Amino acid sequence: MGKTTGFIDFERNSAPYRDAGARMLDFREIYTEHDVSQLTDQGARCMDCGVPFCQADDGCPIHNLIPEWNDLVYRDRWRDALDRLHKTNNFPEFTGRVCPAPCEGSCCLAVIEPAVTIKNIECAIVDRGFEENWIKANPPLQRTGKKVAVVGSGPAGLSAAARAAELDRANESTIPSYVLLESHSAHAKTIQRYQVGKHVMAEPGYLTLRSDCEFQAGTREAVLDQWLADIDRGQVNIRNDAEVTRISGSKGAFSLALKNGDELEAENVVLAIGLEGSPRKIGTPGEDLPLVQYHLEDPKAFRDEVIVVIGAGDSAIENVLGLAASKNHVYIINRREEFSRAKEGNLALILAAISDPAVAVDCLYGSNVNSVIETPDADEPLAISLNTLEGEVTIACHRVIARLGGVPPRRFVEGAGVSFPNERPDAIPELSRTYETDVAGIYIIGSLAGYPLIKQAMNQGYDVIEYINGNDVEPADYPLLHNQFHCLPFEREPRDVLDLFQRRIPFFSRLNALTFRELILESNVVVTYRAGELLDAAVQQCETLDASLADLPQIPRSAKVIAAGEYLYREGEYASSFFTIVEGEVVLETQGQADVQLSRGRFFGEGSLISGRPRQESARAEGTCILVETPRRIMVKLFNSNEDVRQGVDWIFIVRELKRHFAPDATFDELREVSSQVVLRSFNAGEVLFEAGDIGDSLHIVRRGSVSLQRGVGDRAATVVELRSGQLVGEMALMGDSNRRERAIATVATETIELKRPEFLALMRLNAGNLDGLQNLVSRKLVKTTQMETRPESGGILDFLLSEGLGEATDTLIIDEQLCIGCNNCERACAETHDGLSRLDRAAGKSFANIHVPIACRHCEHPHCMKDCPPDAIHRAPGGQVFIDDTCIGCGNCEVNCPYDAIRMSYPAAEKPSLLRWMLFGHGPGPGEPDAYDGMKNDPEVQQKGKRAVKCDACVNEASGPACVRACPTGAARRIAPEQFIELLG
């Protein structure tokens, strides 16, 4: 750019001001006339920078192509310079005069010499353009005079256009005040591309539809036909094959350029373009092979093939179900451990398919693709390599279908001036409650607004047209929010309450306002009052509201009112909900430690949510409080979609763990730097954290899962200790001999916080007094491991228990075979307690030495059975017992997800005969007899209801404890927690 030595040959020489005395007498330009020869010399000073900071973020805010037009001025190509200037700047005649010129402050030449006179050159270019009459008006070929241009005719856009058409009719307008622009040849392009016969669900079920178009669940074809009828009936002004390539201008005067060369004008623009964009690729070698596809038109086109579908959203699930129905063997690859993004209907269908042995559908959870390769000499032409929870797996297949969503049209949206909150691919623009972007007059609705469900999108389309026309309508889900906010200590409209909640909780301020509204709808609002009239009145209000809602088919949430001073949960309870404080104070009480007081804007409960372990503290509300309690499944969904939220919770979790173990008196600010240096690590079952003999430079805090420490070599290696979430691993290497004495192995899928030596020393300097406690911990662990090492038979038993999955158990039935007499009283007692169906199989299961682990529920830290339960029928009691309630729909997902065969699908047991009839005449099955299983399978009414899931609930409702243990005459049956393993070993 410019002359190679221009910055050496020419000094900076900016255009001087006219004399101040002369300027006071007129209103003309303050600068002297442009000197062309001087300006070409100044253009020559541009340095041909490798990275031109003048046009970077810290330089020109609109990224003007400064080096390019500097060079063109030096070469006396003024017309070309004007074209380059207008590429990024609509009004250089203003910016060339009044801009503060941060470009010159960022000029690389300014490091050693005065900067290039960029502002003078810019002003001279545009002035030359006016002098030469190069700058002319460029009016659109066709003026529509429209109030609104709606871009995209999917559910959101079509609903918006239909509302505008209805308002035109109400106003007796003869010319449409709007236009609906669709790039495709037919309406609803995305739904047109759904697979043939796809069932389109009307979700969410609790939400009322508000639209001038009709919509109900049905096939793709039925939905499209209905909307076509709505277009004709409402005389919607739709223009097909009208792809918008650029949006410019401002509110009241937007210009929309179409691909065919036409330009349209509108006062406002509604973007309903969704997130389809281009399909997101797999991102691994082989992603572009011919038999790797990113779209499925008709699943019936394939038959008797092995097909791998990558993805866990609704599109992936529907493809799997369609392909399986065409007699294909289908694998679905879910990179997470549950289907957190699927609609409830699809969730139930895919889980039923996975659990049905007659349907050839297999799911690989927690799996990622390594590569896809061609295998032309094999029966199947492709092989896909996967990283799974069990290690690397290769599947031979005929084709791979990746349904990973689309790349949002971010460049197009940003080209209209709309900004995004961050650079992540899944980011959505910040919107006001009326769906308006930071560009006045541009609105975004539907998927790009964060609401992908059809009913939500259609409601938004209706509402946004009302907002544009000055009508301040309430969103359709506000009645549900009224119920949740009913018993708050103040009366405000839902929109004001949502704004208040989001302002007061910094954690939630990172969320899009619409995403936050959805989160509140899925959460419980908890209100506490001091004992007295206010509490009594609030309780009465809630009871009255609940009674009025009781007859609804789907009962909405209402506020939960408790007395101040009551515990939200207690230390040792099993629960995983997440709390945020909107108003008031909450005290966290931990045995042996000082109380911690949390005020407005803070959150708590993240420890159990992440680890699956019992609560490590008790939480008590002080005075009048307002809290938001969010279920684990909603937080998991939020973590998966919002990295800022995940990182925020992870950071607080790390800081609180560092305080608990190393520096209980340190402040958050003191721990900020150390916490930013630690690393979160993930290990699959069987993966090694470190080997014996390694030089240790770090320790691990188990965040989730468990780790076994082994001593010995090869077959003689035995487990000497098992460490679970919340415990330290490898700390001895930082407090004495740096040589690792044990091998550390993840017994189940495990996450840890790894702390390096410098950070450990920094923590010790913060709170040196805690060093004594750590040294005592190390001493106790050394004694325990040494004892276990000298008793290899005990280590063998511990290895056996861990190999049976007890590394993630919290309550396990163990039978001492030296005491067991085989009477089967345990099974009979279980059946007697549970309506004739035993929940354990004593004879099944494995044994080692004298220890037998029968088939019965282990009540895992993170129960596998609770993943993806469509009706949310599986719960955890405060004591840790996992149980199934009467809302079970019999999908069988829990049976499939349980790796320990502790759940089965069963009809109710037949009604038992009286004791005399059974004893004297042998009528019917006896207590706990196998014939009682499925005893009512021939009853038509029972058959219609289908089977239900049956599992051990540790007799959660029995005050006297588990029936199996109480019924054992010899004391052979025991239920134990992990901390009792050593006691079991004697």
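Modeller: Happy to! The sheet is an open one of 3 strands in the order S14-S15-S16, with antiparallel pairing. Its edge strands, each pairing on one side only, are S14 (368-374) and S16 (391-397). On average, neighbouring strands in this sheet are turned by 20° against each other, direction ignored. S15 (residues 382-388) and S16 pair in the antiparallel sense over 7 bridges, and Ser385 stands opposite Thr394 in S16.

A word on how to read this: the model is predicted, so local features need pLDDT of at least 70 and side-chain atom pairs count only at pLDDT 80 or more, while totals for chains, interfaces and linings use all residues. Residues are numbered from 1 along each chain as its sequence is written, and side-chain values use heavy atoms, with hydrogens and water left out. Two strands pair if DSSP finds at least two bridges between them; helices (H or I, at least four residues) and strands (E, at least two) are DSSP runs, numbered from the N terminus.

S12 (residues 329-334) runs parallel to S13, joined by 5 bridges, and Ile333 has Leu364 in S13 as its bridge partner.

Among the helices, the axes of H4 (residues 66-74) and H5 (residues 78-88) come within 8 Å and cross at roughly 170°. That makes H4 roughly antiparallel to H5 (over 145 degrees; under 35 is roughly parallel, 65 to 115 roughly perpendicular, the rest oblique). Axes here are lines fitted to C-alpha atoms, for helices over the stretch in contact, with angles from 0 to 180 degrees between N-to-C directions. The contact (heavy atoms within 4.5 Å) is made by Glu68, Trp69, Leu72 and Val73 of H4 and Trp78, Asp80, Ala81, Arg84 and Leu85 of H5.

Lastly, the buried residues of H24 (residues 668-677) are Leu671, Val674 and Ser675. They cover an arc of only 100° around the axis, which puts them on the same side of H24; the arc is that of the directions from the helix axis to the C-beta atoms. Asp669 and Glu673 are exposed on the other side of H24.

Methods: Buried means under 20% relative accessible area, exposed over 50%, partly exposed in between (1.4 Å probe, protein chains only).
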